[in-house]
Amino acid sequence: EMRITDLLIAADGFIGAGTDPKVIKGMARMFMDDFGSRPAGCVVQAIRDGVKTQTVGHKLTYPILCQWMNEMDARVEAENYNQYLATK
């Protein structure tokens, strides 16, 4: 949870640093409850890719974070499907 908090603080800094670190700590806790079953590399990659996208506003919010994870899930599903088609 502390590593995710540090990563989210860094991500917030990249998009404008508008979120209070106490709020980010709470988001990290909630994030781990919702997405803790995902591989760590997937979570890190979703956040890294997310900060590279156009983000509305200048602070990290939980819906934005969830959107980043949903986009990562979609990319993983597409890759799995393409692998399936390649071996069919």
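Arg 29 comes out as partly exposed, with a relative accessible area of 41%; on this scale buried means under 20%, exposed over 50%, and partly exposed in between, using a 1.4 Å probe and protein chains only. The model is a predicted one, so to speak of local features takes pLDDT of at least 70 and side-chain atom pairs count only at pLDDT 80 or more, while totals for chains, interfaces and linings use all residues. Numbering runs from 1 along each chain as its sequence is written, and side-chain values use heavy atoms, with hydrogens and water left out.

Arg 29 has a salt-bridge partner in Glu 1, with 3.4 Å between the closest N and O atoms. This pair links distant parts of the chain, 28 residues apart: Glu 1 sits in the segment before helix H1 (2-15), and Arg 29 in helix H2 (residues 21-35). Helices here are DSSP runs (H or I, at least four residues), numbered from the N terminus. Glu 1 is also partly exposed, at 44% relative accessibility.

Searching the whole structure turns up three salt bridges, each defined as a side-chain nitrogen of Lys or Arg within 4 Å of a carboxyl oxygen of Asp or Glu. Another of them joins the side chains of Arg 38 and Asp 73 at 2.7 Å, N to O. Arg 38 is in the loop between H2 and helix H3 (40-51) and Asp 73 is in helix H4, so this contact ties together parts that are 35 residues apart in sequence. Arg 38 is partly exposed, at 26% relative accessible area. Then there is Arg 75 with Asp 49, whose closest N and O atoms are 3.0 Å apart. That bridge runs from helix H4 (Arg 75) to helix H3 (Asp 49), 26 residues apart.

Helix H4 (residues 62-87) also holds Tyr 84. Together with Tyr 81 and Leu 85, Tyr 84 forms a nonpolar surface patch of about 330 Å² accessible area. Patch members have over 30% relative accessible area and no salt bridge, and nonpolar side chains (Val, Leu, Ile, Met, Phe, Trp, Tyr) are joined within 5 Å. Tyr 84 itself is partly exposed, at 47%.

Of its 13 lining residues, Ile 4, Met 32, Ala 40, Val 43 and Val 44 are the closest to the centre. H1, H2 and H3 are the elements that give two or more residues to this lining. A pocket is an open set of points on a 1 Å grid over the protein atoms alone, where a 1.4 Å probe fits, with protein on both sides within 12 Å along at least five of seven lines; lining residues have an atom within 4 Å of a point.

Key. Patch = residues over 30% accessible without salt bridge, like charges linked within 9 Å, V, L, I, M, F, W, Y side chains within 5 Å. Areas by Shrake-Rupley, 256 points an atom, 1.4 Å probe, with all protein chains shown as cover.
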